[in-house]
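Hi,

Here is the structure I promised to hand over. Have a look at it first; my notes on what turned up follow below.

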Amino acid sequence: MENKNLRFETEAIHAGYHSGEHLDSLVPPLYQTSTYTFESAEQGERRFAGEEGGFVYSRLGNPTVKILEERMAKLEQGEAALAFSSGMAAVSAVLTALTKTGDHILCSRGIYGCTFGLLQLLEGKYNISHDFSDMSSREMLEEDIRPNTACIYIETPINPTMKLVDLELVAAIAKQRGIPVVVDNTFCSPYLQTPISLGCDIVLHSATKYICGHGDVIAGIVIGNSEFIQTVSRTTQKDMGGIISPFDAWLLLRGLKTLPVRMDRHCENANRLVEFLRSHPKVETIYFPGNSDFVEDNSIMHKQMKKPGGLISFSINGTKQTAQLFMNQLKLIKIAVSLGDAETLIQHPATMTHAVVPENERRKMGIEDTLLRLSVGLEAWEDLKEDIEQALERI
Ligand code: PLP
C-alpha cells in the first residue's frame, strides 16, 4: 500500500503512521516526553551532530508530532511540515524566516487581526514593511510588487469578507520573480483547497480550527518543500520555540480522521443557511464564496476550491448596535471567536477578531460595523435556521 496514491479521505486516517513501528498500536501513541535517552555519550554526540537519526529533545522533534507533520504534508501535497503551538507561532516563524531588515511583504487586502499586529511589529521594530493589494489582476499585482518584496502573503477566502484571491495567477507572477507565496489555508483546510498544487510555495494553518475541529486545541502547522521546512525547523522554530505539545498533536491526529466528513457537513449546512439568509429582509449583504452574487469570486471559487466552505459573513440592516442586539438574541448559536468547531459560532469582526486593525484600514478591508461572521457548525441546519430566524425577528 505504501507507494499507492490513496484518496484524501484515506490519507486523513492513515498517512504518516506505521503501526509496526509502534508496538502494533492501531492508534498513534502519545509520546508525552520532553527528552530521549542515549545508550552512550557517543550516541548522544552522533545524534546532535546529525550523523545518526533518532530523537534528541522534544523541542527538536517528537514521534507523535512527526506523524501529524507527515500526515499534514501529504494532505496539503507538500514535501514536509512542521507543527506549532498556535497558528500565530506558525505565521511568525514563517514570516521571520523569509524576511530580513529592509524587506517588504505584500499581503492580500484582508488578513487575520493578529497577523496584522505581527506585520506592524515587524515594521516598527525591524523595518520590514508591508502593503495590501487586491491582487485582482496581473497588472495590479505587478504594480504592487516592489524590488524588495521578499514574500507574498495571502488569505483566501479573506477573513472575514470572504473575497477570493486567484492563487494560480499570483503564483505564476511570483514564480517569474522568485518570490515565495505563502497561503494561510485555515478557512478551507486541505480538503477544500491545496495551494501548493496551484503553484504556491508555503501553506500554513491555524490548526486550532478545522484541522482540530473540536474546539479543544490551539495549534498551527506549516507545509512546504523540505529545504524550507528544515530551515524553519532549525531556526525560527527551534530557537524561538513555538512548538506544539505532543498531546495537542495527538488530538489533531484524531480530529484529522473526520476532516472530510466534517467539512462536507459544514459546507452543506452553510449552503442551506445562505439560501435562508438571502431571502431575509433584515439581512443586507451576504459574503460567501458560493454566492452567485459574487460573480467574479464565484469563478475563482470553482477554479480552486472544492466547495465554498463553512463560513458565512453577512451584514444586518441597521447599526453596530443592531448587529450586537441580534447576537444577544441567539439561543443555540454561541457568541465566540474561532471557527471550524462542531458548535456554530458567531462573532463581530469590527470589535473582536479585527479590533486591532485601525478603523480606516478596517473599512478598506470591507469590515463594516454591521458585519457578522458565522462559523457554521455540525448541528441540524433547521435548528440553526430557526435560531437565526427568531433572533432576526427580535431586532
Ligand atoms: N489565521 C487565521 C485565518 C485565523 O483565523 C487565525 C485565528 O483565528 C490565525 C491565523 C491564528 O491562529 P491561532 O489562534 O491558532 O494562533
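P160 is placed in the loop between β4 and α7, with helices (H or I, at least four residues) and strands (E, at least two) taken as DSSP runs and numbered from the N terminus. The bond joining N159 to P160 is a cis peptide, omega about 0°. That loop, between β4 (149–155) and α7 (167–177), also holds P157, and a cis peptide bond joins T156 and P157, again with omega about 0°.

Before you go further: this is a predicted model, where local features need pLDDT of at least 70 and side-chain atom pairs count only at pLDDT 80 or more, while totals for chains, interfaces and linings use all residues. Residues are numbered from 1 along each chain as its sequence is written, and side-chain values use heavy atoms, with hydrogens and water left out.

Now the ligand. Its surroundings include N159, along with Y112, E155, K209 and A219 (a residue counts as near if one of its heavy atoms lies within 4 Å). By class, that shell has three nonpolar, six polar and three charged residues; Ala, Val, Leu, Ile, Met, Phe, Trp, Tyr, Cys and Pro count as nonpolar, Asp, Glu, Lys and Arg as charged, and the others, Gly among them, as polar.

For polar contacts (N or O atom pairs within 3.5 Å), here is what I'd look at:

- D184 puts a polar side-chain atom 2.6 Å from a ligand nitrogen.
- S206 has a polar side-chain atom 2.8 Å from a ligand oxygen.
- G87 uses a polar backbone atom, 2.9 Å from a ligand oxygen.

The protein covers 91% of the 390 Å² of accessible area that the ligand has on its own (Shrake-Rupley, 1.4 Å probe).

On to salt bridges, meaning a side-chain nitrogen of Lys or Arg within 4 Å of a carboxyl oxygen of Asp or Glu. The count comes to 18. One of them pairs the side chains of K74 and E11, at 3.9 Å from N to O. K74 belongs to helix α3 (residues 63–75) and E11 to helix α1 (residues 8–14), so this pair ties together parts 63 residues apart in sequence.

Cheers

Notes
Polar contact = N/O pair within 3.5 Å; in protein donor to acceptor, adjacent residues only side chain to side chain.
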